[in-house]
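Subject: Structure handover

Hello,

Here is the structure I said I would pass on. Please look it over first; my notes on what was found follow below.

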There are 2 protein chains.
Amino acid sequence: MKIEPDSIILSGEGSLQRQLYQALRQPLLSGLWPSGALLPSSRVLASELGLSRNTVNAALAQLVAEGYLQGQPGRGYCIITQLPDHFFQAHGFQAHAFQDSHRFSTSNNKQTVANTSIPIQPATPHKTGLLEPGVPDLAAFPYRIWQRLLQRHADRPKLGVGSDVLGYLPLRQALSLYLQQSRQVHCNEQQILITAGAQQGLYVAAMLVAARGDQVLMESPGYGRLRQALQLQDLQIEYLDASGAEGISAEALTNYHDCKALFLTPGHQYPMGGIMPLPQRLAILQWARQQGCWLVEDDYDSEFQFKHRPIASLQGLAQGEGVIFVGSFSKTMQPALRLGYLVAPVALIRRAAEIVQAIHGDVPLLTQAALADFISEGHFSRHLRKMRKLYQHKQQLAQQLAAQYLPDWRLSAMHAGLHLVLLCPETMLPDFDGPRLLQQLAAQGYAPAPLSKYQFNGEQQAGLVIGIANLSHAELERGLQLIAAFQHSS
Amino acid sequence: MKIEPDSIILSGEGSLQRQLYQALRQPLLSGLWPSGALLPSSRVLASELGLSRNTVNAALAQLVAEGYLQGQPGRGYCIITQLPDHFFQAHGFQAHAFQDSHRFSTSNNKQTVANTSIPIQPATPHKTGLLEPGVPDLAAFPYRIWQRLLQRHADRPKLGVGSDVLGYLPLRQALSLYLQQSRQVHCNEQQILITAGAQQGLYVAAMLVAARGDQVLMESPGYGRLRQALQLQDLQIEYLDASGAEGISAEALTNYHDCKALFLTPGHQYPMGGIMPLPQRLAILQWARQQGCWLVEDDYDSEFQFKHRPIASLQGLAQGEGVIFVGSFSKTMQPALRLGYLVAPVALIRRAAEIVQAIHGDVPLLTQAALADFISEGHFSRHLRKMRKLYQHKQQLAQQLAAQYLPDWRLSAMHAGLHLVLLCPETMLPDFDGPRLLQQLAAQGYAPAPLSKYQFNGEQQAGLVIGIANLSHAELERGLQLIAAFQHSS
């Protein structure tokens, strides 16, 4: 079979060489041109299609290189392969992790990429919802200083590649001092692993201390993404009530035996705000030691306690034994940094680093280097002091406004952190339509989280978790007014 | 019991308030002061210790807040808790993932953190080893342009928080076009997930397609970190010989049934450099379809092929079905970016995003935004064109120098990429002392990888994998001279 130059149609898009390449490749892939068929010579192709000989030869050379064509001296190019007829017939691929064991159905669609690709949408700029919890005051971040520190390191090519698997040493040194002084963490820089955020730290901690099917404990209300990380590892999760002012109770623990780990937020329970007093901490440490159960202490925003200095960490009380301590810079600096840390006994830290290498690879050095300077040159403590005052002010304001507009609602998580919990009055509960409220708020640009998002234990307390850090007085007031208006309309 | 002011000793380090806090807390934690004991009044403490009343009151308030002390009106402060005597007795914590089921031994050491902390070492600057494989030419990266693009987005607070779980939309759009045009990948932006590097992409891909205990296939010689990722998921790995010029052979696959996934590098086998021709690709696709076996295509450096344009991806040949395509910007841009991507069928991509959320959280938006501009404004293709020429030149140079200094050694991976494989001559093998060679090279600042690092299948071929991208002509020549000198001395 000889292929006629007429049957070769250029698409008009992309370079001429690419157009010719694709015009030759497609009929071949679709089976239109059989094996052994001869292409016109490059001279004929060039003159018939109005292309330069160079362009034609380059496209043909590419097809030869890819194994579609064979050059035949004096005879031109011959097609040496084609897709078997049955190639695009139905086959099943099973996606293991896909919960419903989804099986792909197969179409007989032989459209090329260009035909099936969805038209590109204009980019919709991302907008943070007002009242969204977990977001620090982004406008108060010292971008100029940060930018300067980034620039200081940005053109150092040696930062471009990996270093110690535990993370950039000067950052671990600065962090070690900070954690010892501010959180009474018992550590040195050899027990710190820099992670790409606290989420990674929690996932790795779970991997260190538990295996598929093991029982672990976490708080409810609690952190949904921790739950996801534990579920992904097929751990059997039991939930401890954490809604009280002191977090989980040591008494409740006596019901559990043979748990591999307890994940908790003693410094400031997330999201209910309980702060665990010392006797509770000691009782929990004692229980954990008796049981041989690991504690994973998530210290997610203990820097922002307003009534007193942060309470010493569980890890410090335990002198570092049997506790893995996880933290991040997402709230103290900004979420986009994606830098966190895991403090673990020396015997585990190398294994933790290996896991991070396997699931992620090196953590970028540039931000680590800038952050090391940010801490050791005093910017970090200055920023924390400033933010502590700012957030305390914003908390007071939020509480005053809540008292004014939502006098029947109870408040929780008032003494620390970047959010406030608004608990719906019992009298309102029967009629309370949470989804509709959230929908109405979203229409106005507000995105508080429903308390139900944090409840895993069948609790029914209706409420909202509102971020108070990243919006203005007027925006905060308007948000609470909207909630009040909804309450009165329903 | 009344506590005497004399027994309270300040350490002389840190703020006075902190010193007092620790001086009071330590005897309490160590059990020296029993429950119910009374502290001197704050007035007495202040005058005896020479501190201001404010300082004393702040330290006491902190200890009250933490639950160590109780304020008694008119009587001063009373100790309300102490650590139980047996608190620091031995207990066992089992670290599951620790391979030898290490059990912690416990010391009775009650030293405080400050005493046990290892003195901080001066920072040792990180230095990349010469000839280290996998590192692009870092000095050739357009830092000025990149810095400008970062700055363009750096002060946009809205970038500080998460967006679409699939990644920043403009980046996915730009990447979709690029992958379609340059790699014939069959995708649109809804099938792309931005990951924090290719390593994360490989880990997530394995999670998508296989479960604990499942059999999967990978190449040998192959990528050690892929192996780590698969081992971490307790997959049963079988190895396919990939040392030939065409990568793994489809014939070898007929020995395998019931494999969940085949991980491969068809564009440029890593590290041996085989480039899989079309008939092999089609045969592998056909085998995979018949078996219902997923293909995970690691396209780690296909951009740098010197003989012809990169061969169309397996994913494109399969019209996107049954193939997960993984790539990164570590070699085309720089490793520190930690940005990669995973292209998967729409039915899987949301699940992939959920996994990334659970193991990592959002991928930072700032670098995504800068990279989107870098691609869509043409810097990326310009940089690739420039680097392709540069690396081709460096490859030729390395091959000339190898022929000159190591004439008996065979070369592999000559037609693409940033590394070259030097295969030790058979005659030399009995006496070849690889570890000693590496040690000698390391002493001179060179860090090539031994081929054994990539061999998982009992192969015995001795050799070196050398990176040729990130060093000068003189450094490259000196490296090969050192290897030759070692050869002649042994």
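**Notes on the model**

At 39% relative accessibility, Asp234(A) counts as partly exposed. This is a value from a predicted model, as is everything else below.

Asp234(A) has a salt bridge to Arg212(A), with 2.8 Å between the closest N and O atoms. Arg212(A), at 46% relative accessibility, also counts as partly exposed.

**Other salt bridges**

Over all chains, the count comes to 17 salt bridges. One of them links the side chains of Arg172(A) and Asp164(A), at 3.4 Å from N to O.

In chain B, Arg152(B) forms a salt bridge with Asp373(B), and the closest N and O atoms are 2.8 Å apart. Arg152(B) belongs to helix H5 (residues 143-154) of chain B and Asp373(B) to helix H13 of chain B, so this pair ties together parts that are 221 residues apart in sequence. Arg152(B) counts as partly exposed at 37% relative accessibility, and Asp373(B) counts as buried at 15%. In chain A, salt bridges that share partners join Arg152(A), Asp373(A) and Glu377(A) into one network.

**A buried glutamine in chain B**

Helix H13 of chain B, which covers residues 365-376, also holds Gln368(B). With a relative accessibility of 1%, Gln368(B) counts as buried. What does its side chain reach? The side chain of Gln368(B) comes to 3.0 Å from the backbone oxygen of Val363(B). Apart from its neighbours within four places in sequence, Gln368(B) is in contact with Gly167(B), Tyr168(B), Leu171(B), Ile194(B), Leu339(B) and Val363(B).

**The seven-stranded sheet in chain A**

Chain A has an open sheet of seven strands with mixed pairing, in the order E3-E9-E8-E7-E6-E4-E5. Its edge strands are E3 (192-195) and E5 (236-241) of chain A, each of which pairs on one side only. From one strand to the next, the twist averages 20°. Strands of a sheet pair through backbone hydrogen bonds, either parallel or antiparallel. The pairing of E3(A) with strand E9 (residues 340-343) of chain A is antiparallel and has four bridges. Within this part of the sheet, Ile192(A) stands opposite Val343(A) in E9(A).

Two helices of chain A lie across strands of the sheet:

- Helix H7 (residues 198-209) of chain A lies across E3, E6 (261-264), E7 (294-298), E8 (323-328) and E9 of chain A, and runs at about 165° to E8(A).
- Helix H10 (residues 278-291) of chain A lies across E4 (215-220), E6, E7 and E8 of chain A, and runs at about 140° to E7(A).

**Nonpolar cores**

In soluble globular proteins, nonpolar side chains tend to be buried together. Which residues have the most contacts inside the largest nonpolar core here? They are Ile324(A) and Ile324(B), in a core of 76 residues. Setting aside neighbours within four places in sequence, the contacts of Ile324(A) include Ala205(A), Leu208(A) and Val209(A), together with Trp294(A), Leu295(A), Val296(A), Leu342(A) and Val343(A). A second, separate core has 45 residues, among them Leu45(A), Tyr68(A), Ile79(A) and Met276(B).

**Strand E13 of chain A**

Strand E13 (residues 463-467) of chain A has five of its five residues buried, so it is largely enclosed by the rest of the structure. Gly463(A), Val465(A) and Gly467(A) point one way from E13(A), and Leu464(A) and Ile466(A) point the other way. Strand E11 (residues 419-423) of chain A runs antiparallel to E13(A) and is joined to it by five bridges, with His419(A) opposite Gly467(A). Strand E12 (residues 449-450) of chain A is also antiparallel to E13(A), with two bridges, and Pro450(A) stands opposite Leu464(A).

Regards

Key: Residues numbered from 1 in each chain as written. Chains lettered and ligands numbered in written order. Predicted model: local features only at pLDDT ≥ 70, side-chain atom pairs only at ≥ 80, totals over all residues. Heavy atoms only, no water. Pairing = 2+ DSSP bridges. Axes fitted to C-alpha atoms, helices over the stretch in contact; angles between N-to-C directions. Contact = heavy atoms within 4.5 Å. Core = buried A, V, L, I, M, F, W, Y, C linked by side-chain atoms within 4.5 Å. Buried < 20%, exposed > 50% of the residue type's maximum accessible area, 1.4 Å probe, protein only. Polar contact = N/O pair within 3.5 Å; in protein donor to acceptor, adjacent residues only side chain to side chain. Salt bridge = Lys/Arg side-chain N within 4 Å of Asp/Glu carboxyl O.
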